[in-house]
Amino acid sequence: MSERVSFHDEIRNNKLKSLALASIMILILVGLGYVISQFYEPSLFFTFMIFAIIISIGYTLISYYNADKIALASVKASLASSTQHRQLISSVENMALASGLPIPKIYVMPSSQINAFASGRDPKHAVICVTEGTLAKLNKQELEGVIAHEMSHIANYDIRFMTFTAVVIGMISIASELFLRSLWFSSNDRDKKGNGIFMLIGIVLAILAPLLATLVSFAISRKREFAADASGAKFTRHPAGLASALKKIKHEHPSLNDKHNFPKAVAPLFISDPFKKKFTNLFSTHPNIDDRISKLERM
Amino acid sequence: MFGIILGAVLAFIVIMFIYYYNRLVTLSNEIDNSLSQIDVQLKKRADLVPNLLASVKGYMTHEKGVITEVTNARKALLGAKTIESKVKAGNELGNALKSIFALSENYPDLKANTNFLHLQQELSAIEDKVAYSRQFYNDSTLSYNNACTTFPGTLFASLYNRHQKEFLKIAPAERNVPKVSF
């Protein structure tokens with residue numbers, strides 16, 4: 001075990017890193033727009049950007065206001081009952097008190113694996129959803145740790161942040177797509193600019209940018225998971241609870257059947273990757289579970 | 001050119017004044033809000049006590065001392081005006097209740113009473129909520145105090161006449177598990 005990690009520092013570090021990553025994404029977008037507009041018509045830069053922004057914001061606003069409903073419906077969650085899920089409701093109430101947030105709506109979804117997610121655009125519209133397996137397999141401290149992690153996503157506005165990331169990725173993809181398609185049609189009258197270098201850079205960027213942006217968004221997602229672990233520990237004052245829950249998750253082997261309960265699109269929302277990929281890499285939405293456990297144990 | 005720079009600097013200063021005023025007020029309101037949360041939980045606990053005593057009375061005939069202790073602590077809690085005295089009375093009530101639950105182990109009939117068990121669960125759940133709301137009070141006090149004492153917040157704090165606030169302390173005696181004599 002190396003030196004103790006203060007959860008306050010940990011939260012601040014993670015926020016800074018997320019901010020840096022988000023800035024990189026914006027830079028990618030602006031850079032891409034710049035190169036494309038240089039290729040066509042430099043004065044079109046702003047028009048071009050505005051166009052990409054409007055389309056992708058419109059698209060995302062719809063999902064933003066319905067994110068919670070879509071997610072809940074896609075995992076077939078139902079509202080927790082005050083008689084059947086006393087322990088769960090009490091844990092959520094406790095964490096709401098500890099975090100100073102309003103009590104979110106509480107849902108339970110059918111699945112035997114231990115998992116949970118939070119959604120909703122701000123703390124007033126937040127929902128927390130846990131699997132039946134979570135309720136059956138975790139004790140009170142572990143459950144509270146998991147709920148605290150989800151409350152931190154709500155408190156840190158992670159859902160809003162991830163939506164923002166989705167908007168930017170959307171804009172980048174649309175800009176790239178428009179550019180690549182237009183090349184197809186305009187290849188005949190190539191005499192207008194003849195800016196070969198910009199065209200080459202443009203093509204490379206247009207192909208790479210969406211991929212790059214997606215990778216950055218996964219990196220942000222991993223940072224936000226660490227941040228939620230840290231502020232979750234602040235709420236329970238008991239990092240060992242979440243650490244022990246994560247250990248239980250680690251030793252679970254999800255049945256093939258169970259994976260059907262988790263649509264791919266909602267996977268990044270969950271406390272741990274429902275598909276349990278073996279290795280953490282650039283394409284992982286969640287950090288390595290062992291890293292998370294060891295960080296929690298050092299707090 | 002000079003005018004633009006001067007204007008920008010002035011605007012920046014005005015924004016700083018507004019920002020720090022709002023920040024200090026918001027953080028201070030959060031503390032008040034967390035106080036009322038503690039209050040709510042303490043009140044809930046006090047409201048459950050008469051039911052608990054009613055269900056216990058028939059069984060614990062030899063434990064007059066503890067029962068009076070609970071009754072008195074509840075009265076003290078309901079009569080308390082300041083938050084310090086409320087929290088103090090709340091702690092006393094909590095300890096007296098713990099004694100009752102410890103003593104209830106000696107009464108198998110009582111342990112089998114569903115009403116009693118239900119109240120016991122309810123009260124221990126409230127116990128957690130009291131602890132968490134106190135923790136949030138201290139967390140919000142910490143954020144407020146940090147804002148008041150770090151630079152440049154400290155300049156504005158003294159300007160707006162805002163001072164650091166006290167944490168809710170747990171007295172050394174209360175940290176111990178209450179002693180129960182048989």
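In chain A, helix H5 (residues 140-155) lies across strands E3 and E4 and runs at about 25 degrees to E3(A). Axes are lines fitted to C-alpha atoms, for helices over the stretch in contact, and angles run from 0 to 180 degrees between N-to-C directions. Residues are in contact if their C-beta atoms, placed from the backbone, lie within 7 Å. Helices (H or I, at least four residues) and strands (E, at least two) are DSSP runs numbered from the N terminus. The model is predicted, with local features requiring pLDDT of at least 70 and side-chain atom pairs counted only at pLDDT 80 or more, while totals for chains, interfaces and linings use all residues. Residues are numbered from 1 along each chain as its sequence is written, and chains are lettered from A and ligands numbered from 1 in the order in which they are written.

The strands of chain A form an open sheet of four in the order E1-E2-E4-E3, with mixed pairing; strands pair if DSSP finds at least two bridges between them. Strands E1 (78-79) and E3 (116-119) of chain A stand at the edges with a single partner strand each, so one side of each has no neighbour in the sheet. E3(A) and E4(A) (residues 127-131) run antiparallel and are joined by four bridges. Within E4(A), Val130(A) is the bridge partner of Ala116(A), and Cys129(A) is that of Phe117(A).

In a regular strand, side chains alternate between the two faces of the sheet. From E3(A), Ala116(A) and Ala118(A) point one way, Phe117(A) and Ser119(A) point the other way, and all are buried. A residue is buried if 20 or more other C-beta atoms lie within 10 Å of its own, exposed if 12 or fewer, and partly exposed in between, with C-beta atoms placed from the backbone.

Chain A as a whole has 10 helices and four strands, which follow one another from the N terminus as α-α-β-α-β-β-β-α-α-α-α-α-α-α. Of its 299 residues, 43% are buried. Among contacts in chain A with a separation of 6 or more, 76% are between residues 24 or more positions apart.

Helices H7 (residues 196-236) and H10 (residues 289-298) of chain A pack at an angle of about 30 degrees, and their axes are 11 Å apart. H7(A) and H10(A) are therefore roughly parallel; angles under 35 degrees count as roughly parallel, over 145 as roughly antiparallel, 65 to 115 as roughly perpendicular and the rest as oblique. The contact consists of Phe226(A), Asp229(A) and Ala233(A) from H7(A), and Arg292(A), Lys295(A) and Leu296(A) from H10(A).

The contact between the chains takes seven residues from chain A and 11 residues from chain B. On the side of chain B that touches chain A, helices H1 (2-57) and H5 (114-149) of chain B are the elements giving two or more residues. H5(B) gives the most, with eight residues.

Elsewhere in chain B, Glu166(B) occupies the loop between helix H6 (153-159) and helix H7 (172-175). Glu166(B) counts as exposed because it has 10 C-beta neighbours inside 10 Å. Thr141(B) and Glu166(B) are 25 residues apart in sequence, and their C-alpha atoms are 7.3 Å apart in space.

How values were computed
Two residues are in contact if their C-beta atoms, placed from the backbone, lie within 7 Å.
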